[in-house]
Amino acid sequence: MTLTGKRERVAVSDDCTHRDDGSDTETGTGRGADTGTDAKPRRHRTLAVLALAALLATGGGLLAAADRAEHAPAARNRALADAEATRRVVGDISNALAAVFSYTPDDLPATGQRAREVLRGRAAEDYQALYTRLERQVRRQKLTLTTQVVRAAVRELSGDRAELLVFLDQHAQRGSAEATTAAAQLSVTARLDAGRWTITEIKAR
């Protein structure tokens, strides 16, 4: 089973620093139109609102991410606070994906057994539906597939449930032909099951 997808370059900022020196910027636009004693404070407030709107427009994605990181309670999203738990789920899920999406014509039964150990729910049902067709194709065409997780990030970790974004490299070879390489990007939902993280849903992105 070869997964196809596109790879996206993601820039991650670990530290966000907000600096506010308290200074105000005044423009000449509209001078004289407002001559009341509170005209200047009103202009300053208006400029501050416009500046904030511009910042949100140009950096909305980063601001949204920073806001989520700042306001999400650690008990609800441990990926923001528990480095050890995050490493554990990344390790378990990376190993599981490499196991179920790597096979040779001679070890398909072992691949099926690995899938039964690490897949649950919807992921197990989808994999089993494809396994019969995969088994015939792999043996007939002498297909070999090797899957490697090149990057995995935990988007949310709450209790016994986790959501991850995973980037894979897959190397496929048919018989003695030259091997080909493809990249895949997956959204994975995982569940802690008897002390080990298992996969409950896989979606190609």
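**Close-up views of a predicted chain**

**View 1. Order of the elements along the chain.** From the N terminus on, the elements run α-α-α-α-β-β-β-β, which gives 4 helices and 4 strands, where helices (H or I, at least four residues) and strands (E, at least two) are DSSP runs numbered from the N terminus. This is a predicted model, in which local features need pLDDT of at least 70 and side-chain atom pairs count only at pLDDT 80 or more, while totals for chains, interfaces and linings use all residues. Residues are numbered from 1 along each chain as its sequence is written, and side-chain values use heavy atoms, with hydrogens and water left out.

**View 2. The largest nonpolar core.** This core, a set of buried Ala, Val, Leu, Ile, Met, Phe, Trp, Tyr and Cys residues joined through side-chain atoms within 4.5 Å, has 33 residues, and those with the most contacts inside it are V89, I93, L97, L119, L164 and I199. Buried here means under 20% relative accessible area with a 1.4 Å probe, protein chains only. Among the elements that give two or more residues to the core are helix 4 (121-141) and strand 4 (196-204), but helix 2 gives the most, with 7 residues.

**View 3. The surroundings of L119.** Apart from its neighbours within four places in sequence, L119 is in contact with V100, A124, Y127 and I199, contact being heavy atoms within 4.5 Å.

**View 4. The aromatic cluster.** F101, Y127 and Y131 form one aromatic cluster, and a search of the whole structure finds 2 aromatic pairs, counted where the ring centres of Phe, Tyr or Trp (its six-membered ring) lie within 6.5 Å.

Terms used:
Phe/Tyr/Trp six-rings, centres within 6.5 Å; stacked < 30°, edge-to-face > 60°. Buried < 20%, exposed > 50% of the residue type's maximum accessible area, 1.4 Å probe, protein only.
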